[in-house]
Amino acid sequence: MYRFLLILLSVVGMATATDAQQRQDMNKGQSNPKILVAYFSATGTTTRAAEKVAQATGGELFAITPARPYTNADLDWHDKQSRSSVEMNDPKARPAIKGRKENIADYDVIFIGYPIWWDLAPRVVNTFIESHNLKGKIVIPFATSGGSKLAGSAAALKRSYPALNWKEGRLLNRANEKSICTWIDKLGYHEKNLD
């Protein structure tokens with residue numbers, strides 16, 4: 001009888017261990033989201049920030065590239081007729097982009113980076129969002145700026161796309177790797193936390 005009881009306990013123990021391993025495997029899949037770091041950068045500043053975000057999260061980089069690159073004259077915010085001024089004064093402007101990100105459905109979390117223009121995300125960011133189905137994904141904005149805070153541009157994006165699952169973003173001016181990692185840790189998407 002004692003032997004039978006030992007065998008029964010062993011079988012129950014193995015079944016419990018197998019069940020726990022299956023639950024751990026399922027949870028691991030959910031706690032390892034696939035991350036995309038999409039960004040638009042006119043001068044390279046936002047590119048450097050996006051690279052740091054991708055490194056901290058283990059995410060894949062994707063450059064939002066305008067079909068027609070911006071020249072220095074296009075970016076002259078003192079000129080009311082410059083391309084960027086005209087686009088930013090027209091809420092319906094949607095500059096064309098080169099290509100779309102294939103397999104966007106495969107990603108769970110999308111970081112969207114941009115320079116702040118006129119306290120907003122450049123209109124090319126709207127083109128990216130409207131060209132991809134981001135419903136059901138976590139979307140986290142980040143930006144660089146010469147003088148603006150993130151709040152105005154992030155609030156405008158949330159108002160324009162209320163169906164998206166927006167999370168708190170961050171301004172990454174001159175942000176070093178340590179401060180970016182601290183922010184990513186707070187969000188729970190630091191690569192070391194996803195292993």
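Guide: Let's start with a pair of facing residues: glycine 113 has phenylalanine 142, in strand E4, as its bridge partner. This is a predicted model, in which local features need pLDDT of at least 70 and side-chain atom pairs count only at pLDDT 80 or more, while totals for chains, interfaces and linings use all residues. Residues are numbered from 1 along each chain as its sequence is written, and side-chain values use heavy atoms, with hydrogens and water left out.

Seven bridges join E3 to E4, and these strands run parallel. Two strands are said to pair if DSSP finds at least two bridges between them. Strands (E, at least two residues) and helices (H or I, at least four) are DSSP runs, numbered from the N terminus. Together, E3, helix H4 (residues 123-131) and E4 make a right-handed β-α-β unit. Right-handed means that, with the strands pointing away from the viewer, the path from the first strand over the helix to the second runs clockwise.

Now stay with E4, which spans residues 138-144. Seven of its seven residues are buried, so E4 is largely enclosed by the rest of the structure. Buried means under 20% relative accessible area, exposed over 50%, and partly exposed in between (1.4 Å probe, protein chains only). Ile138, Ile140, Phe142 and Thr144 point one way from E4, Val139, Pro141 and Ala143 point the other way, and all are buried.

Next, go back to E3 (residues 109-115), which pairs with E1 in the parallel sense over five bridges. Across that pairing, valine 37 has phenylalanine 111 in E3 as its bridge partner. Strand E1 (residues 35-39) is largely enclosed by the rest of the structure, because five of its five residues are buried. Ile35, Val37 and Tyr39 point one way from E1, while Leu36 and Ala38 point the other way.

E1 is also joined to strand E2 (residues 60-63) by four bridges, and the two run parallel. In E2, phenylalanine 62 is the bridge partner of alanine 38. Between them, the chain crosses from E1 through helix H2 (residues 45-57) to E2, in a right-handed β-α-β crossover.

Threonine 46 has its place in H2 and, at 1% relative accessibility, counts as buried. Its side chain makes a polar contact with the side chain of threonine 144 (2.7 Å). A polar contact is a pair of N or O atoms within 3.5 Å; within protein, one must be able to donate a hydrogen and the other to accept it, and residues adjacent in sequence count only if both atoms are side-chain atoms.

Finally, step back to the whole chain. Of its 195 residues, 42% count as buried.
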